[in-house]
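Here is a structure to walk through together.

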Amino acid sequence: MAAAAADDDVAPPTASGYLDPSYWDERFGKEEHYEWFKDFSHFRHLLAPLLSPSLSVLEVGCGNSRLGEELLREGVAGGITCVDLSPVAVQRMRDRLAAQGTKGVDVVVADMLDLPFEPESFDLVIEKGTMDVLFVDSGDPWNPNPTTVNNVMKMLECIHRVLKPEGIFVSITFGQPHFRRRFFEAPEFTWSVEYSTFGDGFHYFFYTLKKGKRSLESNSYQNIIPAAPRVNMVHEELESEDFIFRTNVEEL
């Protein structure tokens with residue numbers, strides 16, 4: 001079953017409210033569980049082939065998701081670290097895991113723009129909807145404002161740094177390739193970029209970036225501005241809040 005949806009009254013008055021850390025502290029103080037962009041069952045077929053028992057995994061922007069526990073059930077035993085900027089979210093997850101007697105998941109307060117880990121610490125880094133928050137106030141999706149560009153690049157630079165050689169970064173997002181590839185394929189990154197989609201009617205994007213595997217095609221893409229595809233939006237098929245993060249896409 002899908003996770004319980006957030007109550008309508010937890011959403012901020014405007015999309016830019018998602019950028020306010022105090023909003024998240026207040027929300028996580030009263031919300032038990034919410035899965036952005038579908039729960040694990042919807043993309044298991046894409047993520048499970050990337051998993052193995054020995055992996056060390058970092059989840060960026062865990063909130064009150066149960067993805068870390070799902071990874072444990074999949075047999076990941078090399079260490080799972082979940083980070084969030086909200087100390088409220090972190091403490092509540094720690095309390096939940098302790099009450100369940102769940103071991104093998106470390107929950108840490110950390111800023112995704114300044115991850116406090118040594119270089120090459122993780123085999124796999126996952127973000128699910130976390131990067132999308134940085135785009136809620138980006139302006140023109142074809143020419144995002146400098147603050148958005150700067151923050152997205154900081155996030156990606158941190159993730160690239162903490163990934164081990166040949167490590168994998170998974171990004172689950174609304175962001176279509178013609179918006180995301182300019183960031184993923186910036187010259188300073190060595191990862192390859194592939195993507196799949198999941199969902200019925202409306203598609204979520206599942207990007208797989210493999211460090212050290214960059215191709216010549218990725219280098220040439222920097223000089224190309226692709227035509228935007230037509231997008232079919234079906235509101236009824238989105239989670240109750242997920243539609244907020246389609247704002248930029250709807251401006252096509």
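E59 is buried yet forms no salt bridge, and the nearest side chain of opposite charge, K128, lies 6.4 Å away. Buried means under 20% relative accessible area, with exposed over 50% and partly exposed in between (1.4 Å probe, protein chains only). A salt bridge needs a side-chain nitrogen of Lys or Arg within 4 Å of a carboxyl oxygen of Asp or Glu; Lys and Arg count as positive, Asp and Glu as negative, while His and the chain ends are not counted. Leaving aside residues up to four places away in sequence, E59 touches S65, L67, G68, T81, C82, V83 and I126, where contact means heavy atoms within 4.5 Å.

This is a predicted model: local features need pLDDT of at least 70, side-chain atom pairs count only at pLDDT 80 or more, and totals for chains, interfaces and linings use all residues. Residues are numbered from 1 along each chain as its sequence is written, and side-chain values use heavy atoms, without hydrogens and water.

E59 sits in strand β1 (residues 57–60); strands (E, at least two residues) and helices (H or I, at least four) are DSSP runs, numbered from the N terminus. β1 pairs in the parallel sense with β4 (residues 122–128) over four bridges, pairing being at least two DSSP bridges between two strands. Within this pair, V57 stands opposite L124 in β4.

Zooming out, seven strands form an open sheet of mixed pairing, in the order β3-β2-β1-β4-β5-β7-β6. β3 (105–109) and β6 (192–198) stand at the edges with a single partner strand each, so one side of each is left without a neighbour in the sheet.
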